[in-house]
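Colleague: Could you take me through this structure, and tell me at each step on what grounds a term is used?

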Amino acid sequence: MTVATHAEHHDGPPSSFFKRWFLSTNHKDIGSLYLLWALLMFFVGGTMAMIIRAELFQPGLQVVDPHFFNQMTTMHALVMIFGAVMPAFTGLANWMIPLQVGAPDMALPRLNNFSFWLLPAGSLILLSTMFMPGGAPASGWTMYPPLVLQTGMAFPFMVFAVHILGISSILGAINIIATVLNMRAPGMTLMKMPLFVWTWLITAFLLIATLPVLSGAVTMLLTDQFFGTTFFYAGGGGDPVMYQHIFWFFGHPEVYILILPAFGIVSTIIPTFSRKPLFGYSSMVYATASIAFLSFIVWAHHMFTVGMPLSGELFFMYATMLISVPTGVKVFNWVATMWKGSLTFETPMLFALAFVVLFTIGGFSGLMLAIAPADFQYHDTYFVVAHFHYVLVTGAVFSIMAAVYYWLPKWTGHMYNERLAKLHFWLSVISVNVLFFPQHFLGLAGMPRRIPDYSLQFAEWNMISSIGGFVYGASQLLFLAGVIICIRGGKKAPSKAWDGAKGLEWEVPSPAPFHTFDTPPLVK
């Protein structure tokens, strides 16, 4: 079944364009819609990042005014997180989870359609705030009071957009949990599921546990602004720091929502191109669950500088450093999987390897930020920006690209252009380091983030960083071209698409044989 020819299996004969793409209950079509919307938002958010880097190319104010610059930092983050990365992972889950657990479709197909269409609605409401009087909120994606309450007409629409996008994600998560727990093929126990399914199952629980907390926080902001409450207004007995606690109780697990599915993707790709089963399957599952649990008890490491008690700082410092243990287990297992394997370096494997190396750099800088006394120096500098972009760009975004190249032949029936894909990879991996690595130096030298102007001593590294950013942005057009060429045609994919090197299956499952309904179940 291909993207191009697959008709809705609920309706039998091929249906009209409108019926297929707007009313679809087919997990493959809805997965494709998620991925296409994520791609569109990736370029919208990327354009905002280009504006930010253009302004920071040299000291002084030259491209945009400071208020618009701060609007761009807010919108770039919200569009990339809620419009690009989360929908892309959800699209991959829609496409692959039913196939990997041997289910005919998602458990709740109509809910699946509804949760997708909430996504463009919420995204467009969010983007529309830029065209309202006063412009989009310029408060950063964290929406801290009292700053966010000064943003005028756009503020309630921003809150509304966050609610809609949150509902979309929660419904998608419920669907994934229902599918994985109720629709696995006979004989596929939980500990025989592919790692990608495991990481998404755990991510779905994180989504359900944290997004209502964010909704509560922004609703309290709304009532402070329009209904006379004083949750976060110090003059009325409220506490603006309480907002930070509530926000980061959502915000830290959110970081893992954005990276756990990436672990599943890399745990699928590395065994395939190493010609070996994944090393330490069980430990990978337990490490994922440990990371998810610990993510709930480390939120205040974002708040070391608010004046919390020393005992609080010590707890959050040690709890945060503890997360590096299960993460280290994962990195060790990926390296051990490759050890003495028969490796080949097709594009998905290159992106997966770049993920392992560069995500680890992001992990080390995160460990530095976990140390409370050091964080007093790094907090709100470009060091933090460098850290989370290493995690979210070379982590989440690279893994999504690896997954797209890996599964495109399965989705479309065509092989992508390997030379174009490798050019995209090398341009991306070089430029992304030119873009973000110098920001570590800027942060350690004391350059604050979210500012449109800066002192002369930061000029050279900012110029280098901006050049890397422009090259990285332009090189993503190669990704777009490669995907379009592959969907429209090209070399036909063989039945086992990665036969390319040494005949292997789509997945190298661990520890159970991968099977669908065509093969007899493992247990009678």
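Predicted model: local features only at pLDDT ≥ 70, side-chain atom pairs only at ≥ 80, totals over all residues.

Colleague: What makes F351 and F425 an aromatic pair, and of which kind?

Modeller: Rings of Phe, Tyr and Trp (its six-membered ring) pair if their centres lie within 6.5 Å, and planes under 30 degrees apart count as stacked, over 60 as edge-to-face and the rest as tilted. A search of the whole structure finds 42 such aromatic pairs. The rings of F351 and F425 are 5.0 Å apart, centre to centre, with 80° between the planes, and the pair is edge-to-face. F351 belongs to helix 11 (residues 347-370) and F425 to helix 14 (residues 418-444), so the pair ties together parts that are 74 residues apart in sequence; helices here are DSSP runs of H or I with at least four residues, numbered from the N terminus.

Colleague: Are Y405 and Y416 buried or exposed, and how do you know?

Modeller: Buried means under 20% relative accessible area, exposed over 50%, and partly exposed in between (1.4 Å probe, protein chains only). Y405 has 2% relative accessibility and therefore counts as buried, and Y416, at 6%, counts as buried too.

Colleague: What lines the largest cavity?

Modeller: A cavity is a set of points, on a 1 Å grid over the protein atoms alone, where a 1.4 Å probe fits but cannot get out, and lining residues have an atom within 4 Å of a point. The structure holds five cavities of 30 Å³ or more, and about 120 Å³ of space lies in the largest. Of its 14 lining residues, those closest to the centre are Y34, M86, T90, S168 and S169. Helix 5 gives the most to this lining, with six residues.

Colleague: How do you know that the span of helix 15 is close to the expected one?

Modeller: The expected span is 1.5 Å times one less than the number of residues. Helix 15 (residues 459-488) has 30 residues and reaches 45 Å from its first C-alpha to its last, against the 44 Å expected.

Colleague: Why do E418 and K422 count as a salt bridge?

Modeller: The term asks for a side-chain nitrogen of Lys or Arg within 4 Å of a carboxyl oxygen of Asp or Glu, and the side chains of E418 and K422 meet at 4.0 Å, N to O. Both residues lie in helix 14, four residues apart, which is about one turn of the helix. E418 is partly exposed, with a relative accessible area of 23%, and K422 is likewise partly exposed, at 30%.

Colleague: How many salt bridges are there?

Modeller: The search of the whole structure finds three. Among them, D29 and R20 meet at 2.9 Å, N to O, and both of these residues are buried.

Key: Residues numbered from 1 in each chain as written. Heavy atoms only, no water. Helix = DSSP H or I, 4+ residues; strand = E, 2+ residues; numbered from the N terminus. 1 Å grid on protein atoms, 1.4 Å probe; cavity = no way out; pocket = protein on both sides within 12 Å on 5 of 7 lines; lining within 4 Å. Points joined across faces, edges and corners; volume = space filled by probe spheres on them.
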